[in-house]
Amino acid sequence: MFSAHDVLETTTPAGLSEADATRTKYERIGEHLKRQIREGQILPGTALPSEQQLASLFDSARSTVRQAMGLLEREGLVSRVQGKGTFVSDQARQRLSCGLDILALVIPEVLSGFYPSLQHSFEESASQTQNQMLVCCTRNNIDKQGNVILQLIDNQVGGVAIVPASTPPTPGYQIRQLQKAGIPVVLCHRPVEGITAPLLGLPFREIGRLAGDALVEQGHRRCGFFAPHRTRTTDLYLEGFQQALADVGCTLAEEHSYFGAPGVIDMQELDAEIASTLQQMLEQPDRPTAIFTSFDSMAERIYLHLTKMGLRMPEDISLIGVGDQVRHSVLQQQIASVTVDETRLGHRAAELLNQMRTGGMAIETTLTEVMPVEVYQGTTLGPVNTNV
């Protein structure tokens with residue numbers, strides 16, 4: 001591994017020759033060192049060469065180097081330890097990235113579910129701190145997500161809020177690449193194994209429990225469950241939902257559960273399967289009297305198919321989903337749901353990124369905040385029809 005002396009010795013002449021000629025020599029030296037720190041060529045904790053060595057490398061007087069070191073120290077980029085030398089501060093790359101005015105939001109999709117409110121609130125908070133916002137859609141694909149992350153690193157964005165891809169789970173190295181580049185990350189909705197970063201999480205098990213309790217309170221005992229795909233998240237939804245049923249001596253029948261294909265985001269791809277599965281479930285003698293689905297976009301599909309089948313909600317069957325507290329469409333306003341305040345989450349994500357970018361919080365921190373949830377009644381949640 002190169003030392004700071006090795007890096008400087010191989011890059012100093014070209015670096016200074018390209019510097020702004022209107023700046024003083026000590027400012028040009030300072031800017032060169034900043035660039036090396038920002039680009040990761042000189043790492044946090046590294047000891048810089050002595051003043052004499054730097055003077056020789058930069059072909060300048062020691063007094064000029066001393067002025068440059070003083071400039072970096074005042075900006076919190078280096079610290080001098082008596083008798084040991086000058087060291088790059090642990091937060092140096094974070095402080096330097098404050099000048100980058102782009103905050104990125106990386107999400108599985110942009111048009112449905114939680115995501116419109118998350119985008120709007122994140123953008124609103126970013127603009128209040130004079131930051132531009134970049135939205136990157138991964139389609140819940142970890143390969144596409146990996147490419148997005150490399151582009152964000154290449155463009156040296158100031159921070160990234162990400163809803164990690166879930167099928168398969170996001171690998172830790174993708175997030176670690178951002179952190180190693182000095183780019184702060186806020187994880188939204190779910191954690192990434194092996195990664196220490198602020199997490200604005202959803203209480204998935206509690207969401208399932210609330211949905212189950214809401215149906216049980218209305219007298220439902222035979223319930224169905226629909227999810228776009230099988231992930232750790234849906235397993236937690238199921239755990240909470242099944243516990244609510246177990247508390248009244250009921251179980252979720254295997255034939256009343258449906259999981260779509262791994263990684264599917266667009267409900268149009270599952271439309272035919274959803275319709276077919278609903279038809280099969282409702283033809284059974286012990287058919288479900290209520291359905292819980294883990295995503296509002298799927299709940300909308302189910303709502304439309306049940307209506308086409310001539311079923312009324314909640315008179316013939318109840319339906320409850322999971323989604324955003326802000327009900328964006330007329331159809332969403334009809335569907336009962338366990339809701340999350342995504343507007344609050346988006347504002348908080350931008351706030352945390354700015355704290356990390358300004359050195360007010362370490363990039364690797366164990367801060368976890370769980371977003372509150374509540375039941376939105378809509379018009380699709382009602383008492384069980386005893387004739388079913």
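Is Gln156 buried, exposed or partly exposed? Gln156 counts as partly exposed, at 30% relative accessibility; the cut-offs are under 20% relative accessible area for buried, over 50% for exposed and partly exposed in between, with a 1.4 Å probe and protein chains only.

Okay, ground rules. This is a predicted model, so to speak of local features we need pLDDT of at least 70, side-chain atom pairs count only at pLDDT 80 or more, and totals for chains, interfaces and linings use all residues. Residues are numbered from 1 along each chain as its sequence is written, and side-chain values use heavy atoms, with hydrogens and water left out.

Back to Gln156. Its phi is near 50°, a positive value in a residue other than glycine, and its place is the loop between H7 and S5. Those labels are DSSP runs numbered from the N terminus: helices are H or I with at least four residues, strands are E with at least two. Arg139 is another non-glycine with a positive phi, about 55°. You'll find Arg139 in the loop between S4 and H7, partly exposed at a relative accessible area of 37%.

Now the sheet around there. It's an open sheet of six strands, in the order S4-S3-S5-S6-S7-S13, with parallel pairing; two strands pair if DSSP finds at least two bridges between them. S4 (132-137) and S13 (368-370) each have a single partner strand, so one side of each is left without a neighbour in the sheet. On average, neighbouring strands here are turned by 15° against each other, direction ignored. At the S13 end, S7 (residues 199-201) pairs with S13 over three bridges, in the parallel sense, and Leu200 has Glu369 as its bridge partner.

Helix H7, residues 142-154, packs on this sheet and touches S3 (102-107), S4 and S5 (159-162). Its direction makes about 155° with that of S4; axes are lines fitted to C-alpha atoms, for helices over the stretch in contact, and angles run from 0 to 180 degrees between N-to-C directions.

Gln145 is buried, with a relative accessible area of 0%. Its side chain reaches the backbone nitrogen of Ala165 at 3.0 Å. Skipping neighbours within four places in sequence, the contacts of Gln145 (heavy atoms within 4.5 Å) include Thr138, Ile162, Pro164 and Gln174.

Next, strand S10, residues 290-293. S10 pairs in the parallel sense with S8 (residues 223-227) over four bridges, and with S11 (residues 318-324) over three bridges. Phe226 has Thr293 as its bridge partner in S10, while Phe292 stands opposite Ile320 in S11. From S10 the chain crosses through H12 (residues 296-308) to S11, a right-handed β-α-β crossover. Right-handed here says that, with the strands pointing away from the viewer, the path from the first strand over the helix to the second runs clockwise.

Thr167 to Pro168 is cis, omega near -5°, with Pro168 in the loop between S5 and H8 (172-180). Met313 to Pro314 is cis too, omega near 10°, and Pro314 is in the loop between H12 and S11.

Last one, cysteines. There are zero disulfides, a disulfide being a pair of cysteine sulfur atoms within 2.5 Å. For Cys137, the nearest cysteine sulfur, that of Cys136, is 9.1 Å away.

Methods: A polar contact is a pair of N or O atoms within 3.5 Å; within protein, one must be able to donate a hydrogen and the other to accept it, and residues adjacent in sequence count only if both atoms are side-chain atoms.
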